[in-house]
Amino acid sequence: MLNFLARRLAQIVPTLFFVSVLIFSLQQLLPGDPALVMAGEERDPAVIEQIRHQYRLDQPVPVQYAYWIKGVLSGDFGESLRNKMPVRELIAQKLPVTLQLGSMAIIIAFLIGIPAGIVAAVKKGTAWDYGANFFALWGISTPNFWLGIMLIFLFSIELGWLPASGYVPLTEDWRASLAATIMPAFVLGNAIAAVLMRHTRSAMLQVLESDYVRTARAKGLSERTVILKHAMRNALTPIITLGALELGTLLSGAVLTEQIFSIPGFGKLIVDAVFNRDYAVVQGVVLVTATIYITLNLVADVAYILVNPRLRG
């Protein structure tokens, strides 16, 4: 296990270096000049020149990258060109919001998708199987923005059970926080649950046809024990990676849902930064997102080994 972790950590460092170079290089291809945006309508040449010098925009790209990566290694992602706040503070404000939303969405997806996939595999060819597949098709094909609007109309406007928009931090009022995020979390988790259901069903069907499952049944074990102890444990291996990847995707892919429910999360931060040509924010957010994504892959690999002891060798 330690050797495996050492090898994976050794791979993470060059990967993050390559990602940082890619982020910084592609950022330079964005149209527009951030100095012009910051200078305002008057665009005094002296002011523009001072801004370029202050933020080292007048330096060659490799020099700019060297200054930026040096700051990143010391925990300094630079300063937002738009609101003059340190990027580290912006990330610290917005990341917990999207992490909470993404975590709730994944939990909802697992609670719906995995049981539905198991039931569909065990009850193959029955109404349970057809119902689960219909749910999966509905979840995959339903647009998030439409589902979000329908949930707001039903639970906020008609029934008045939940707030239509906004966000309350968990530390301030956990009940109000859950009430504000349960609908957007369900919207995000719905599509993921559908994908998890299809993958779980496929994995379970394959495992249920294996020799060790037939042997377990031949020994007289109950069907419940065979499914939960023998079949499900082996079928979960591909589901772990899928769940980790989906959680990583949610960190930057929840933009539309955050906009519908007016949630000040990570996705909205990066979209605003791109439109405002706020280089420092874009670079910091994308790098943090990539780091979390890579870390989640490492966690998934470790979970692989814990779930399937045969991989420990």
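I began with W161, which counts as exposed at 60% relative accessibility. The model is predicted, and I kept that in mind for each entry.

**Ring partner of W161.** I looked up which ring pairs with W161 and found F155. The ring centres of F155 and W161 are 6.0 Å apart and the planes stand at 45°, so I logged the pair as tilted.

**Aromatic pairs.** I counted the pairs over the structure and got 4. One of them joins Y65 and W68, with 6.1 Å centre to centre and 55° between the planes, and I noted this pair as tilted. Y65 and W68 sit in helix 4, residues 61-73, and because they are 3 residues apart there, about one helical turn separates them. Are Y65 and W68 buried or exposed? I found both Y65 and W68 buried.

**Transmembrane annotation.** I took the "transmembrane region" annotation from the UniProt record, an unreviewed entry. The record places it on residues 12-30, 101-122, 134-157, 177-196, 239-261 and 281-307. I looked at two of these spans in the model. Residues 101-122 are 100% helix and 0% strand, and I noted 32 Å between the end C-alpha atoms. For residues 134-157 I noted 92% helix and 0% strand, with the end C-alpha atoms 28 Å apart.

Methods: Residues are numbered from 1 along each chain as its sequence is written. This is a predicted model: local features need pLDDT of at least 70, side-chain atom pairs count only at pLDDT 80 or more; totals for chains, interfaces and linings use all residues. Side-chain values use heavy atoms; hydrogens and water are left out. Rings of Phe, Tyr and Trp (its six-membered ring) pair if their centres lie within 6.5 Å; planes under 30 degrees apart count as stacked, over 60 as edge-to-face and the rest as tilted. Helices (H or I, at least four residues) and strands (E, at least two) are DSSP runs, numbered from the N terminus. Buried means under 20% relative accessible area, exposed over 50%, partly exposed in between (1.4 Å probe, protein chains only). UniProt positions are given in the numbering used here, feature names are shortened, and annotations may be inferred rather than shown by experiment.
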